[in-house]
Amino acid sequence: MQYNIVQTENDQKMTIKGKPEVIIIVFLSLWGSACITPLFSFPFIAYDSLYSIGTKTLTCEHNASQKVVCKQTSEHLLGYAKSEETIWQNVTKADFHLVTRKKDSDEQWINLKTNDKEVTIFSDRMSPSLSLGAEELASWVEKFNKFVDSGDGKIELIYPASQQWQLVIVPCLLLLFPAIEILLAYLLLQWHCLTFDRNEQSLIWEVQTIFGKQNYRFLLADIQEIKITKVRGNKGGTFYYIKIYISGRKSPIPLVSSSITNTQNMAQSLGQFLKINVQDLTDRWS
């Protein structure tokens with residue numbers, strides 16, 4: 001962070017103004033530009049994903065001529081959108097298929113046979129989110145074929161909707177990166193202004209963030225000590241902190257800089273103004 005110290009001619013007031021460095025603003029601008037473009041597609045992707053959430057129910061029964069009629073009802077938006085229905089007449093048999101693959105997961109599907117065509121009603125490749133166990137599907141096919149020969153009753157197959165919530169992951173990811181952008185902007189885009197006033201015997205600390213401004217007021221008499229420390233950054237850099245400790249406040253007011261010279265000069269000027277000794281701990285890591 002870049003700092004600017006302003007002191008009045010009569011030495012009764014000192015103001016320290018801090019603002020983000022240019023490189024931080026450039027980084028956030030590039031990140032924000034990269035996040036905005038995918039957001040244009042968010043309404044379409046989100047609608048398509050939410051619309052796909054719902055159950056599919058296959059209901060088969062015998063008609064008056066003892067022929068099997070199967071109706072598949074597809075719900076959307078968990079039943080809040082209009083459902084779709086597909087009907088197949090004269091179904092004669094169901095076949096279960098299972099292909100074991102080495103790299104990918106097994107692929108399984110069910111075909112319904114009619115007098116003139118064959119229809120796939122379940123497929124991992126067509127609907128990977130509608131996942132049922134192979135044993136369950138094989139058992140249902142066996143029951144269905146017995147049902148076809150029985151001549152009465154009704155049989156159903158319900159594709160569960162529980163795993164379809166995976167479809168919402170993509171829209172959530174589109175919102176994740178702008179959320180990170182907002183968090184970084186809140187943490188990094190901060191303007192600090194510390195005003196030390198001898199006439200008022202007060203310290204006013206103003207913090208301007210993207211969510212607004214906050215003001216804190218302390219008495220100069222409550223300032224206990226000033227320390228200079230150094231810490232290692234996540235990528236190997238070194239940062240220097242001026243920590244202003246105030247009575248009754250759990251954490252100190254931190255002023256961070258990447259320059260040890262600027263940090264020491266600013267701390268010494270502040271110490272002379274407040275007539276407080278500055279502890280320079282830059283010979284060790286914090």
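Visitor: Which residues lie nearest the centre of the largest pocket?

Guide: They are Ile24, Leu188, Phe239, Tyr241 and Val256, out of the 21 residues that line the largest pocket. A word on the source: this is a predicted model, where local features need pLDDT of at least 70 and side-chain atom pairs count only at pLDDT 80 or more, while totals for chains, interfaces and linings use all residues. Residues are numbered from 1 along each chain as its sequence is written, and side-chain values use heavy atoms, leaving out hydrogens and water.

Visitor: What makes a set of grid points a pocket, and a residue part of its lining?

Guide: On a 1 Å grid over the protein atoms alone, a pocket is an open set of points with protein on both sides within 12 Å along at least five of seven lines, and a lining residue has an atom within 4 Å of a point. The volume of the largest pocket is about 600 Å³, counted as the space filled by probe spheres set on the points, which are joined across faces, edges and corners.

Visitor: Which element gives the largest share of the lining of the largest pocket?

Guide: E15 does, with four residues. Helix H1 (22–39), helix H4 (169–188), E13, E14 and E15 each supply at least two; helices (H or I, at least four residues) and strands (E, at least two) are DSSP runs numbered from the N terminus.

Visitor: Why is Trp205 called buried?

Guide: Buried means under 20% relative accessible area, exposed over 50%, and partly exposed in between (1.4 Å probe, protein chains only). Trp205 has 6%, so it is buried, whereas Tyr216, at 29%, is partly exposed.

Visitor: Why is the pair of Phe144 and Phe147 called tilted?

Guide: Rings of Phe, Tyr and Trp (its six-membered ring) pair if their centres lie within 6.5 Å; planes under 30 degrees apart are stacked, over 60 edge-to-face, and the rest tilted. Phe144 and Phe147 have centres 6.1 Å apart and planes at 45°, so they are a tilted pair. They sit three residues apart in helix H3 (residues 134–150), about one helical turn, and both are buried. Trp205 and Tyr216 also form a tilted pair, with 5.2 Å between centres and 35° between planes. Trp205 is in strand E11 and Tyr216 in strand E12 (residues 212–219), so this pair ties together parts eleven residues apart in sequence.

Visitor: What makes a group of residues a nonpolar core?

Guide: The members are buried Ala, Val, Leu, Ile, Met, Phe, Trp, Tyr and Cys residues joined through side-chain atoms within 4.5 Å. The largest nonpolar core has 24 residues, with Leu194, Phe196, Leu203, Ile223, Ile244 and Leu274 having the most contacts inside it. H5 gives the most to this core, five residues. A second, separate core has 21 residues, including Cys70, Trp88, Trp140 and Val148.

Visitor: Which residues is Leu203 in contact with, leaving aside neighbours within four places in sequence?

Guide: Contact means heavy atoms within 4.5 Å. Among the residues Leu203 contacts are Leu194, Phe196, Tyr216, Ile223 and Ile253.

Visitor: What is the phi of Gln201?

Guide: Gln201 has a positive phi of about 50° although it is not a glycine. Most residues other than glycine have a negative phi. Gln201 is in the loop between E10 and E11 and, at 40% relative accessibility, falls in the partly exposed class. Lys275 also has a positive phi, near 60°, and its 74% relative accessible area makes it exposed.

Technical notes
1 Å grid on protein atoms, 1.4 Å probe; cavity = no way out; pocket = protein on both sides within 12 Å on 5 of 7 lines; lining within 4 Å.
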